[in-house]
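Please look over the sequence and the structure together before reading on. The briefing below is meant for a reader who is new to describing proteins.

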Amino acid sequence: MKFEKRDIILIAGVFLVVLGITQYVPFHYSSLIGILLFFGIKFFVHRRKQLIENDIGEGVCMDCGFKIINKKCPNCDGKMN
């Protein structure tokens, strides 16, 4: 989980959430909630990105939309032979 540009927006959002909940709970608890929220979202996005990369694999055929396996489309290359 590396730091990306859009993480700045996530940090700003989590900071605003922490400021919002400090009215109801002490600051150290709200900061802990903010830290857990940040890393929870980062973990969720990382896992989702891995699932998408595993699902797509080498790519998608531009003609039919099937998953490319061994640099060939099983649907389109099978029709040509």
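What follows takes up the helices, the surface and the salt bridges in turn.

This is a predicted model, in which local features need pLDDT of at least 70 and side-chain atom pairs count only at pLDDT 80 or more, while totals for chains, interfaces and linings use all residues. Residues are numbered from 1 along each chain as its sequence is written, and side-chain values use heavy atoms, with hydrogens and water left out.

**Helices**

- Helix α1 covers residues 7–21, where helices are DSSP runs of H or I with at least four residues, numbered from the N terminus.
- The 15 residues of α1 should span 21 Å at 1.5 Å a residue, and the end C-alpha atoms are 21 Å apart, which agrees; the expected span is 1.5 Å times one less than the number of residues.
- In α1 the buried residues (under 20% relative accessible area, with exposed being over 50% and partly exposed in between, using a 1.4 Å probe and protein chains only) are Asp7, Leu10, Val14 and Val18.

**Salt bridges**

- The whole structure holds 3 salt bridges, each a side-chain nitrogen of Lys or Arg within 4 Å of a carboxyl oxygen of Asp or Glu.
- Aspartate 7 forms a salt bridge with lysine 42, their closest N and O atoms being 2.8 Å apart.
- Because aspartate 7 lies in α1 and lysine 42 in α2, this pair ties together parts that are 35 residues apart in sequence, and both residues are buried.
- Salt bridges that share partners join Glu4, Arg6 and Lys49 into one network, in which the side chain of glutamate 4 meets that of arginine 6 (3.1 Å, N to O) and that of lysine 49 (3.4 Å, N to O).

Key: Helices (H or I, at least four residues) and strands (E, at least two) are DSSP runs, numbered from the N terminus.
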